[in-house]
Amino acid sequence: MSTAKPYRIDVSDDLLNWIDNRVKTARIIPDVVHAPNEEWADGTPTAVMDEIVAYWKDKYDWRSVEKKLNDTFKMFTMDIKEADEVISLHFVHHRSDREGAVPLLFSHGWPGNFLEVEELLKLTNPEDPKAQAYHIVAPSIPGFTLSSSPTKTGFTLANIASTYHKLMQGLGYTHYVAQGGDWGSFISRSIALQFPDACIGVHLNFILGLPPSAIRHPFKIMSLLVRWFTPEEKKKLARMQWWMKSESGYSRIQGTKPQTVSYGLLDSPIGMLAWIREKLESLAEPDFVWDHELVITWTILYLLSGSSWHARIYKEGIATITKEVLSTKIAAQVPLGYSSFPQDVGYIPKWWAEGSVAENIVLWKEHGKGGHFASVEVSDALIGDIQEFVGLLREKGSSAKWEAVLKAGASGKY
């Protein structure tokens, strides 16, 4: 493993000119007429695309955005050997100046990216001087945006988790807390399963689980069989079922033919924009407004990868997720916290999670507002839950493990 190298985004003029030319010559096809409130039924509507593409043509300035990103995020890369690959892993790393800061590993998913961590960076220096402070580490998934891609198939969630763990060790964080949603939730769970001595706790804002064991949890499986759910649980489970039935076509395509779909997406900025924008709409609160500049920036970051791995994670991940993550409960030595947001689409009730996800659930919060991208939509709620969760780790965990994580935070590098 190499040392960390400072990184600044610097898109070549050639690539930027190619993107600009594609946008300027884009053809936005007409949509059919939909019934009221059904405009998104077939994908991103023409009216939405016309507006955001016009913004991209006339107002969006990548060089200005690029400067803002470089000024906002302290970024690095580190070459990490995992399996028989060497990944140049891109990551954000903001160290706190406060004594007693805790290393926090933030893991994003698809179609998100490392920019999702922006609001959490305030945790390095909370307004309340008595509040827990953190050293924030936010990697880009291998093959996503600014991290290099594996060269062969078989690079699974367990490999991504191991790569992240090696990053934390390379930064001097021998003990840390993991946090994630979407694919980041499974990566975080894999870290807890593979490295329970290093990961002192895992907090999720997306959760799925296999049915509890009928032998070990007969009453839980009976509740599942007779659909003994509260009204709120039924509502959230119904939303998840709706998503799987009506909104998950992208995962089937990416999970079966990731290379083919990537030719179209990586060769068409407008195609990638529509692909991402559609998912953002259905994963957030209806009144949440996705800023045009933000969505275009997310799109460009995916174009920069030049890789099919943004799609390939669905093939590699879905094929191995049961064996690597879902089939094993997180041991009691790694406490778990969970934050549920109503517009998210990954949910199981607490009693279900107790039977199949983790032995030691110390925090379970169900919020009344928010969606899949909690750190973007409702960052204060997520930050509050992280603070509460880590407070419980300090209160209920062993003093030796807490001392170890504080020592790790103090000895971190870069």
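1. What covers the buried residues of helix H5 includes strand S4 (102–107), helix H4 (157–170), strand S6 (176–180), strand S7 (199–204) and helix H12 (309–326). Here helices (H or I, at least four residues) and strands (E, at least two) are DSSP runs numbered from the N terminus, and contact means heavy atoms within 4.5 Å.

2. The model is predicted: local features need pLDDT of at least 70, side-chain atom pairs count only at pLDDT 80 or more, and totals for chains, interfaces and linings use all residues. Residues are numbered from 1 along each chain as its sequence is written, and side-chain values use heavy atoms, without hydrogens and water.

3. Because 10 of the 12 residues of H5 are buried, the helix is largely enclosed by the rest of the structure. Buried means under 20% relative accessible area, exposed over 50% and partly exposed in between (1.4 Å probe, protein chains only). Among the buried residues are Trp183, Phe186, Ile187, Arg189 and Ile191.

4. The structure holds two cavities of 30 Å³ or more. A cavity is a set of points, on a 1 Å grid over the protein atoms alone, where a 1.4 Å probe fits but cannot get out; lining residues have an atom within 4 Å of a point. A volume is the space filled by probe spheres set on the points, which are joined across faces, edges and corners.

5. The largest cavity contains about 100 Å³ of space. Of its 17 lining residues, Phe106, Glu116, Gly181, Asn205 and His372 are the closest to the centre. S4, S6 and helix H14 (374–377) each supply at least two residues of this lining.

6. About 50 Å³ of space lies in the second largest cavity. Its lining consists of Lys236, Tyr338, Ser340, Phe341, Pro342, Asp344, Gly346 and Tyr347.

7. The whole structure has 21 aromatic pairs. Rings of Phe, Tyr and Trp (its six-membered ring) pair if their centres lie within 6.5 Å; planes under 30 degrees apart count as stacked, over 60 as edge-to-face and the rest as tilted. The ring centres of Phe73 and Phe114 are 5.7 Å apart and the planes stand at 80 degrees, so this pair is edge-to-face. Phe73 lies in the loop between helix H3 (62–72) and strand S2 (75–82), and Phe114 in the loop between S4 and strand S5 (134–139), so the pair ties together parts 41 residues apart in sequence.

8. Ring pairs also link Trp110, Trp183, Phe186, Phe206, Trp242, Trp243, Tyr250 and Tyr314 into a cluster.

Technical notes
On a 1 Å grid over the protein atoms alone, a cavity is a set of points where a 1.4 Å probe fits but cannot get out, and a pocket is an open set with protein on both sides within 12 Å along at least five of seven lines; lining residues have an atom within 4 Å of a point.
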